[in-house]
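Here is a short briefing to read alongside the sequence and the 3D view. Please have both open as you go.

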Amino acid sequence: MFELHQIEQFLAVVECGTVSKAAEKLNITQPALSRSLQNLEYELKTPLFVRSKNKLVLTETGRFAAHQSRKLLAQASLLVNEVKDFYRTHAKLVIASCAPCETLFQIRDRVQEAFPGVACETLVEDESVIAKKLSEGVFPMALFSGQQKNRAFIQIPIKTEKLFAMIPETHPLAEKKAGLYFKDINGEPVIPFPLKGYWNDLLLKKLPDSQLLYQSNVASFDKVVHASNLISFESNLLPIDLEHHIRIPLLDSEAEITYHLAVLKSNGEQFRNVIAQVKNLTE
């Protein structure tokens, strides 16, 4: 069966009058275009042109084929537009992230502006899971804690997040105002963040001997950290402003990440406007 590009090439020859002019317009070689026409005639089982030395003249069937070809291309264009419109109004876009952060919600808002009527949700997940599902096209875009080693992704560094320990001012560690390592805190009871993600995974890894007093939701976390005299954490992007606590930077390299937005290169054109807007979020 013939393909749409053969129909487009056939009409280019009809409009240009010669194979050479049509080949130049289509940016292909004359022999390639001639073979395409011959293959189309073979598939249709009829000659479309009367060929002379320097000229092509449409047969009566060729004129009918040109008329029908224009209708076919118009219908193909309509199909593409209708599928795009259906996608915009029926699809659900899930933006995944390695951690909950304001940047994630800013990206979600920009996607919703670019695709009105499309449901847009956010999801915090393990980075290995995110990378796999992004590669498979399950997620249209995602936030990682750093650049991924995947050439199939368009990657944009956005914002850097730095973790701080909130140490009660009466605690011996409060004297180390210049900075702390996780090993200094390990063994102390601490209040981790209320939501899963990169930072809580890091605390679990770096504080194996600490009692991690998880809270079930953000409201409970807020109440507990403001009422207790325990060590907790905040970042430059997630401040909690605790009274009677000293904000001390964590010196481990893992305590600072630069969020990277990743989009499949094959989806780059679809999300071109969103990517351009997201670049404005960089520091």
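This is a predicted model: local features need pLDDT of at least 70, side-chain atom pairs count only at pLDDT 80 or more; totals for chains, interfaces and linings use all residues.

Residues are numbered from 1 along each chain as its sequence is written, and side-chain values use heavy atoms, with hydrogens and water left out.

**Helix packing**

- Two packed helices are described by the angle between their axes and the distance between the axes.
- Axes here are lines fitted to C-alpha atoms, for helices over the stretch in contact, with angles running from 0 to 180 degrees between N-to-C directions.
- Helices (H or I, at least four residues) and strands (E, at least two) are DSSP runs, numbered from the N terminus.

**α1 with α3**

- Helix α1 (residues 4-16) packs against helix α3 (residues 30-44) at an angle of about 110°, and their axes are 10 Å apart.
- α1 and α3 are therefore roughly perpendicular to each other (angles under 35 degrees count as roughly parallel, over 145 as roughly antiparallel, 65 to 115 as roughly perpendicular and the rest as oblique).
- The crossing of α1 past α3 is left-handed, a term for a near helix turned anticlockwise from the far one by less than a right angle, with right-handed used if it is clockwise.
- From α1, Gln6, Ile7, Gln9, Phe10 and Val13 meet Leu33, Ser36, Leu37, Asn39 and Leu40 of α3 (contact means heavy atoms within 4.5 Å).
- The residues of this contact of α1 with α3 comprise six nonpolar, four polar and no charged (Ala, Val, Leu, Ile, Met, Phe, Trp, Tyr, Cys and Pro count as nonpolar, Asp, Glu, Lys and Arg as charged, and the others, Gly among them, as polar).

**α2 with α3**

- Helix α2 (residues 19-26) and α3 cross at roughly 105°, and their axes come within 9 Å.
- α2 and α3 are therefore also roughly perpendicular to each other.
- Val19, Ser20, Ala22, Ala23 and Leu26 of α2 make the contact with Gln30, Leu33, Ser34 and Leu37 of α3.
- In the contact of α2 with α3 there are six nonpolar, three polar and no charged residues.

**α1 with α2**

- The axes of α1 and α2 are 8 Å apart, and the helices pack at an angle of about 125°.
- That makes α1 oblique to α2.
- α1 passes α2 in a right-handed crossing.
- On the α1 side the contact is made by Gln9, Ala12, Val13, Glu15 and Cys16, and on the α2 side by Lys21, Ala22, Lys25 and Leu26.
- The contact of α1 with α2 has five nonpolar, one polar and three charged residues.

**Phe164 in its strand**

- Phe164 lies in strand β6 (residues 153-168).
- Phe164 counts as buried at 12% relative accessibility (buried means under 20% relative accessible area, exposed over 50%, partly exposed in between, with a 1.4 Å probe and protein chains only).
- Phe164 and Phe233 are 69 residues apart along the chain, yet their C-alpha atoms are separated by 5.7 Å.
- Leaving aside neighbours within four places in sequence, the contacts of Phe164 include Phe233, Arg247, Ile248 and Leu250.

**The β8–β9 loop**

- Asp241 sits in the loop between β8 (231-235) and β9 (245-249), and its phi is near 50°, a positive value in a residue other than glycine.
- Asp241 is exposed, with a relative accessible area of 61%.
- His244 is in the loop between β8 and β9, with phi near 60°, again positive in a residue other than glycine.
- His244 is exposed, with a relative accessible area of 53%.

**Cysteines**

- The disulfide count is zero, where a disulfide is a pair of cysteine sulfur atoms within 2.5 Å.
- Cys120 is in no disulfide, and the nearest cysteine sulfur, that of Cys101, is 14 Å away.
- Cys120 counts as buried at 11% relative accessibility, whereas Cys16 is partly exposed at 23%.
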